[in-house]
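Here's a quick tour for anyone meeting this protein for the first time. Have a look at the model, then read on.

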Amino acid sequence: AQAEEHVFELVLHRSGLRCEVQPGQSIVAAAAQVGVVIGTSCGEGFCGSCESVVLEGQPLHRDSVLSDAERASGRRILP
């Protein structure tokens, strides 16, 4: 069963900026609204170019790149 989507706070560590990510909105789009560009090629979680480190929280994965073990670790995300 798909987890219910909800608003969550995204903290962009390098810039120190924070923003809310709305249901149906990508992390990449939310970050762009506060001026942070996350490099992406496909924009769909297929190519892996946006792979990022998770410092805190448990991500909901929707990519096609990470292995089950990588997803379970919660340390990387394809935003």
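## Contacts and overall build

Among contacts (heavy atoms within 4.5 Å) in the protein chain between residues at least 6 apart in sequence, 20% join residues at least 24 apart. This is a predicted model, where local features need pLDDT of at least 70 and side-chain atom pairs count only at pLDDT 80 or more, while totals for chains, interfaces and linings use all residues. Residues are numbered from 1 along each chain as its sequence is written, and side-chain values use heavy atoms, leaving out hydrogens and water.

The protein chain has two helices and four strands, going β-β-α-β-α-β from the N terminus. These are DSSP runs numbered from the N terminus: helices are H or I with at least four residues, strands are E with at least two. With a radius of gyration (taken over C-alpha atoms) of 12 Å, close to the 12 Å that the globule rule gives for 79 residues, the chain is as compact as a globular protein of that length. That rule is 2.2 Å times the number of residues to the power 0.38.

## The nonpolar core

The largest nonpolar core has 14 residues, and Leu10, Leu12, Ile27, Ala31 and Ile38 have the most contacts inside it. Such a core is a set of buried Ala, Val, Leu, Ile, Met, Phe, Trp, Tyr and Cys residues joined through side-chain atoms within 4.5 Å. Strand 1 (8-12), strand 2 (17-21) and helix 1 (27-33) each supply at least two of its residues, with the largest share, three residues, coming from helix 1.

Let's zoom in on two members. Leu12 touches Leu17, Ala31, Val34 and Val36, not counting residues up to four places away in sequence. Ile38 sits in the loop between helix 1 and strand 3 and is buried, with a relative accessible area of 17%. Leaving aside neighbours within four places in sequence, Ile38 is in contact with Ile27, Val28, Ala31, Cys50 and Pro79. The C-alpha atoms of Ile38 and Ile27 are separated by 8.8 Å.

Definitions and conventions. Buried means under 20% relative accessible area, exposed over 50%, partly exposed in between (1.4 Å probe, protein chains only).
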